[in-house]
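Here is a short briefing to read with the model open beside you.

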Amino acid sequence: MTHAMLKGSNVPLEATTVRAVLRWAPGPGVPDVDASALLLGPDGRARSDEDFVFYNQPRHPSGKVWWLGKKRAAEGPTDTIQTDLAGVEPAISQILLVASAEDVTFDRVQGLRILLYDASVADGEPLLHFDIKPETGKETVLICGELYRRGEGWKFRALGEGYSNGLRGLATDYGITVDESETTPEPSLQRPDSASAPQQPDVSAQPLPPERPATVPAQPDYGYPQQPPATQPAYGYPQPTSQPAYGGYGYPPPVTTAPAPDVRLPPQGPQFIRP
């Protein structure tokens with residue numbers, strides 16, 4: 001049975017590997033929503049830039065949190081983060097599940113929902129779902145919920161907290177250094193599909209091909225090489241030196257002598273019988 005969450009509520013998780021799916025309603029002018037995860041230590045901060053899992057850094061170095069990417073389902077488009085809770089290193093006590101809209105405000109996104117599945121059950125029902133409602137509508141990032149340790153297990157809390165300054169503001173608040181330039185090693189927030197196209201070579205500086213000769217050399221009729229008149233018969237065919245005697249229409253004349261008595265002809269008839 002799927003548990004419907006309210007903002008601020010929490011529920012314990014028995015699944016050891018969970019799949020967090022963001023889903024929203026499609027429509028004209030609706031932005032693409034991106035799912036990401038932020039791994040935090042006991043102090044509530046990320047240890048390094050590698051603790052940020054998103055479309056340009058799709059897998060955590062531990063291999064326990066990864067971005068699965070988008071799908072187009074009948075209920076609406078989705079984007080997914082999967083987490084192996086049993087394998088998450090002890091230094092991580094909290095994992096934020098985040099939705100961003102590439103600097104587009106969430107008042108243009110309708111029906112935003114996060115669903116949590118047990119990843120070990122194929123085609124199973126969601127364990128829980130939470131409908132996220134932006135507080136102002138001007139948010140460009142929403143923390144949908146968090147996975148956090150409680151004793152020896154994990155729990156999920158529904159949050160729905162927003163940021164108006166995008167992923168950069170969220171990452172900075174939690175200790176992540178993100179730069180959009182290509183000269184720094186930090187992860188870039190530029191979406192892969194919005195990267196600029198490669199520059200085409202400048203053909204104006206290329207040398208032009210040599211000009212064709214102004215005059216065309218004389219050619220014989222139909223482009224065939226010219227032969228001396230003495231060796232070229234009518235219609236251009238060479239004159240045969242000798243011609244064997246043939247019958248009508250070019251077939252050899254019939255044999256008029258009987259075959260030798262010891263000559264046997266092969267059997268006649270269709271040759272479709274297997275040997």
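Helices (H or I, at least four residues) and strands (E, at least two) are DSSP runs, numbered from the N terminus. With that in hand, helix H1 (residues 166-173) is followed by Gly175, whose phi is positive, near 90°. This is a predicted model, in which local features need pLDDT of at least 70 and side-chain atom pairs count only at pLDDT 80 or more, while totals for chains, interfaces and linings use all residues. Residues are numbered from 1 along each chain as its sequence is written, and side-chain values use heavy atoms, with hydrogens and water left out.

**Overall fold**

- The chain has twelve strands and one helix, and from the N terminus on its elements run β-β-β-β-β-β-β-β-β-β-β-β-α.
- Of the 275 residues in the chain, 35% are buried; buried means under 20% relative accessible area, exposed over 50%, and partly exposed in between (1.4 Å probe, protein chains only).
- Contact means heavy atoms within 4.5 Å. Among contacts between residues at least 6 apart in sequence, 66% join residues at least 24 apart.

**Confidence**

- The predictor's confidence in each residue is its pLDDT, from 0 to 100. The chain has a mean pLDDT of 79, and 65% of its residues reach 70 or more.
- Confidence is highest in strand S10 (residues 128-131), at a mean of 98, and lowest in helix H1, at 90.
- Over residues 229-234 pLDDT stays under 50, and the model has four contacts there beyond four places in sequence.
- Residues 269-275 also have pLDDT under 50, with zero contacts beyond four places in sequence.

**The open sheet**

- Two strands pair if DSSP finds at least two bridges between them. Strands of a sheet pair through backbone hydrogen bonds, either parallel or antiparallel.
- Six strands make an open sheet with mixed pairing, in the order S1-S10-S9-S3-S7-S6. Strand S1 (3-4) and strand S6 (65-73) are at the edges with a single partner strand each, so one side of each has no neighbour in the sheet.
- S3 pairs with strand S9 (residues 113-118) in the antiparallel sense over six bridges, and Leu22 has Ile114 as its bridge partner in S9.
- Gln82 has its place in strand S7 (residues 76-84). Is Gln82 buried or exposed? Gln82 is buried, at a relative accessible area of 13%.
- Not counting residues up to four places away in sequence, Gln82 touches Thr17, Val18, Arg19, Lys64, Val65, Trp66, Leu68 and Ala119.

**Strand S11 and its partners**

- Eight of the ten residues of S11 are buried, so S11 is largely enclosed by the rest of the structure.
- S8 and S11 run antiparallel and are joined by seven bridges; Leu96 stands opposite Glu146 in S11.
- S11 and S12 also run antiparallel, joined by nine bridges, and Arg149 stands opposite Trp154 in S12.
- The hairpin of S11 and S12 has two residues between the strands, and Gly151 in this hairpin takes a positive phi near 70°.

**Helix H1**

- Gly166, Leu167, Gly169, Leu170 and Ala171 of H1 are buried.
- The buried residues of H1 pack against S4, strand S5 (52-53), S8, S11 and strand S12 (153-163).

- A cavity is a set of points on a 1 Å grid over the protein atoms alone where a 1.4 Å probe fits but cannot get out, and its lining residues have an atom within 4 Å of a point. Grid points are joined across faces, edges and corners, and a volume is the space filled by probe spheres set on the points.
- The structure holds one cavity of 30 Å³ or more, and the largest cavity has about 60 Å³ of space.
- Which residues line the largest cavity? They are Ala20, Val21, Leu22, Ala35, Ser36, Ile81, Leu97, Val98, Ala99, Ile114 and Cys144.
- Strand S3 (17-23), strand S4 (34-40) and strand S8 (94-100) are the elements that give two or more residues to this lining.
- By class, the lining has ten nonpolar, one polar and no charged residues; Ala, Val, Leu, Ile, Met, Phe, Trp, Tyr, Cys and Pro count as nonpolar, Asp, Glu, Lys and Arg as charged, and the others, Gly among them, as polar.
- Cys144 lies in strand S11 (residues 141-150) and is buried, with a relative accessible area of 0%.
- Leaving aside neighbours within four places in sequence, Cys144 has contacts that include Leu22, Leu97, Ile114 and Phe130.

Terms used: On a 1 Å grid over the protein atoms alone, a cavity is a set of points where a 1.4 Å probe fits but cannot get out, and a pocket is an open set with protein on both sides within 12 Å along at least five of seven lines; lining residues have an atom within 4 Å of a point.
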